[in-house]
Amino acid sequence: GLMVLKSDPTGPTVLISCALFAAAAALARWRREDDSPTASTVYGWMVWGALIAFGLSGFDEHGFTGIPHRAVWLILSGGVLTLGLNDRQPVVTAAGVVSLIAAMSMILFDLGVGLMTAAGVFGACALVALVAGLLISRRQAGARP
């Protein structure tokens, strides 16, 4: 997967890398259920790899031609976010959140918002997600007996 990303960082060949990362993530998730000690770590990294590869696969599309790719990216990010929450895997949840924010920022860029403004939106969303995560963890820590 990483060799494909290095040789052609954009385009349809990156989708092959995305599929390889997704398959490895599915395998690691399955092994995690068998109490494999390293499977959770591998699961998280493979999810990150799959989302990064998918994001890169449409990086050369700009303007309205990039919107369909970004829409699918948003859907995949939401699915990964839900999967991470369901599996209680913070690394997978974080991958979904970061990917969701990146996809939204790319949509803003595709719609003509400047790159610095889109980066600002990404940064603001990241800060909001960080604060929300801290508040949730504090509330859960206070609710424990």
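Reply: Start with a term. A helix axis is a line fitted to C-alpha atoms over the stretch in contact, and an angle between two axes runs from 0 to 180 degrees between N-to-C directions. Keep in mind that this is a predicted model.

Now take α3 and α4. Their axes are 10 Å apart, and the helices pack at an angle of about 170 degrees. An angle over 145 degrees counts as roughly antiparallel. That is why α3 is roughly antiparallel to α4. Look at who meets whom. From α3 come Y43, V47, L51, F54, G55 and S57. They meet H69, V72, W73, L76, S77, V80, L83 and D87 of α4. Sorted by class, this contact holds 9 nonpolar, 4 polar and 1 charged residues.

Next, α3 and α5. Helix α3 spans residues 39-57, and its axis comes within 8 Å of the axis of α5. The two cross at roughly 15 degrees, so α3 is roughly parallel to α5. The crossing is right-handed. On the α3 side, the contact is made by Y43, G44, V47, W48 and L51. On the α5 side, V91, V92, A94, A95, G96, V98 and S99 take part. This contact has 9 nonpolar residues, 3 polar ones and no charged ones.

That leaves α4 and α5. Their axes come within 7 Å and cross at roughly 160 degrees. Therefore α4 is roughly antiparallel to α5. Here the crossing is left-handed. The contact of α4 with α5 divides into 15 nonpolar, 6 polar and 2 charged residues.

Helix α3 is roughly parallel to α5. Helix α4 is roughly antiparallel to α3, and α4 is also roughly antiparallel to α5.

Which of them gives the most? It is α6, with 10 residues. By class, the lining has 14 nonpolar residues, 6 polar and 1 charged.

One residue ties the two topics together.

Technical notes. Residues are numbered from 1 along each chain as its sequence is written. This is a predicted model: local features need pLDDT of at least 70, side-chain atom pairs count only at pLDDT 80 or more; totals for chains, interfaces and linings use all residues. Side-chain values use heavy atoms; hydrogens and water are left out. Helices (H or I, at least four residues) and strands (E, at least two) are DSSP runs, numbered from the N terminus. Ala, Val, Leu, Ile, Met, Phe, Trp, Tyr, Cys and Pro count as nonpolar, Asp, Glu, Lys and Arg as charged, and the others, Gly among them, as polar. Angles under 35 degrees count as roughly parallel, over 145 as roughly antiparallel, 65 to 115 as roughly perpendicular and the rest as oblique. A crossing is left-handed if the near helix is turned anticlockwise from the far one by less than a right angle, and right-handed if clockwise. Contact means heavy atoms within 4.5 Å.
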